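Hello,

Here is the structure I promised to pass on to you. Have a look at it first, and then read my notes below.

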Amino acid sequence: MNLYRALFVSLRLWLMLVGFVLLFVAAYALPLLFPLAKLAFFVFLSAIVIDAWLLFRPGNVRDKLPFFARRDVPDRLSNGDNNPLTIYLENRYNFQVDVEVVDEIPFQFQRRDLLFRARLNTRETQTIRYELRPTRRGEYSFGAVNVFVLTPLGLLKRRFQFGQGKIVAVYPSFLQMRQYELLAATNRLNEVGVKRIRRLGHSMEFEQVRPYTTGDDVRTINWKATARRSDPRGTSLQINAYQDERSQPVYCLIDKGRVMRSPFEGLTLLDYAINASLVLSNIALLKQDRAGILTFSDHVGQLLPADRRSGQMLKIMNVLYRQKTRFLETDYESLYANVRTHIRQRSLLLLFTNFETVSGMQRQLPYLRRLAKDHLLLVIFFENTELRALLDQPARDTETIYLKTIGEKFAYEKKQIVKELAQYGIQTILTAPQNLTANTVNKYLELKARGLI
């Protein structure tokens, strides 16, 4: 590394130079100060030389570089989540140093405040931990980790650069998917807002007759089997055990049109739908159902047939990661034609879209009714959270009253959409973006408990 590219001046040096300028100005008025000022300036120049020698002298340690740093970043980041990153620092100088660490993070984060300071003794190591929250899928390019080292004199800085040119892919929210998967395995989904749903019925798939245990549904008692196996010392109740109906196709239909462009906390509604689809697909596979994906906008994008083989989850993640869109007007006629052609078996269709007005929904209603005729259709659309915040504010003047009146009209239309779709047997979820995943999983488990899929 060239000396002129690695050498920087500290703020302390500039302040001392300003002090010397003031001292020499004072010496012009008071000549007795001039010899003292010259002596102090000579000491100052000597200190600069010593500082530079300490920072750059060869052979001050046996290692190739007197300071080392490394950024530990995952191979992929989770979209919409706080992803942990670590910077590892190691001081190989034979004296204590102060360091300033500037990490060149991808431009997509639009952050210029990642400056960390630390003090390391000889041969000491430290770690700096911080988090980044991406809001767009795709490739992110990390630059160098810039470490500026200062000696105890603190007049000059030596810059070290490490880890240049690392590219990391930002995938749909796999951290959220893992969280739901872990909580589902330990029956703790209620911690993320998923309700405990009592099974309301059984599938017709009989499994076996077994002894009654506490907590079993008394409606499943098999009285004939109980009579045959009666014990003289007492009656041993027998029940019919049913196996959950398995391998039902579950498709997430993701609208990539104009209505999904609205942002919420940095993410578009489309990315919220993609993240929820990833979690829901994983839950469906855990429930032994088959999961598939279909994306569409002005034309149908990708169709991944529903399956439950071991590699299906990886396929789903890759399909969702690659989704791109120009947010054009959605073509529901094309969607219906493709579903009718390629999805022959009755399936649960989770349609992630957005309707702002009843008239906007009614334009697509004929196609929604046709989809609901052949499949169990669940339409998922979004509340306007900014509108809800406006409605919750007290009205203090005429303008606020007017805005709240208009807001109430739009909020009422959302509720009307739910009622009108229900008239045609179409299931709906009207949800805030931040509650999308939990509400979708809740509805899926409810439909399974009711035996509708």
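Predicted model: local features only at pLDDT ≥ 70, side-chain atom pairs only at ≥ 80, totals over all residues.

How many residues lie between E17 and E18 in the hairpin that they form? There are three residues between E17 and E18. Names like these come from DSSP runs numbered from the N terminus: helices (H or I) have at least four residues, and strands (E) have at least two. Strand E17 covers residues 290-296 and strand E18 residues 300-307, and they pair in the antiparallel sense over four bridges. Pairing here requires that DSSP finds at least two bridges between two strands.

Residues are numbered from 1 along each chain as its sequence is written, and side-chain values use heavy atoms, with hydrogens and water left out.

Next, the open sheet. Its five strands come in the order E1-E10-E9-E5-E6, with antiparallel pairing. Strand E1 (7-9) and strand E6 (115-120) are the edge strands, each pairing on one side only. Strand E5 (residues 97-103) and E6 share six bridges in the antiparallel sense, and Val 97 has Leu 120 as its bridge partner in E6.

Now to Arg 71, which lies in strand E2 (residues 67-72). Is Arg 71 buried or exposed? It counts as buried because its relative accessibility is 10%; buried means under 20% relative accessible area, exposed over 50%, and partly exposed in between, using a 1.4 Å probe and protein chains only. The side chain of Arg 71 makes a polar contact with the side chain of Asp 103 at 2.6 Å, and also reaches the backbone oxygen of Gly 143 at 2.8 Å. A polar contact is a pair of N or O atoms within 3.5 Å; within protein, one must be able to donate a hydrogen and the other to accept it, and residues adjacent in sequence count only if both atoms are side-chain atoms.

Glu 90, in strand E4 (residues 83-91), also counts as buried, because its relative accessibility is 17%. Its side chain makes a polar contact with the side chain of Tyr 88 (3.5 Å).

Then there are the nonpolar cores, sets of buried Ala, Val, Leu, Ile, Met, Phe, Trp, Tyr and Cys residues joined through side-chain atoms within 4.5 Å. The largest has 52 residues, and Tyr 180, Leu 348, Phe 352 and Tyr 444 have the most contacts inside it. Helix H6 (residues 269-286) gives the most to this core, with twelve residues. A second, separate core has 39 residues, including Leu 13 and Phe 109.

Finally, find helix H12 (residues 436-449), which has 14 residues. Twelve of these 14 are buried, so H12 is mostly covered. Among the buried residues of H12 are Tyr 444 and Leu 445. They pack, as a group, against helix H4 (174-185), H6 and strands E14 (249-255), E19 (348-352), E20 (376-382) and E21 (427-431), where contact means heavy atoms within 4.5 Å. Just after H12, Gly 451 takes a positive phi of about 70°.

Enjoy exploring!

Technical notes
Expected span 1.5 Å × (residues − 1).
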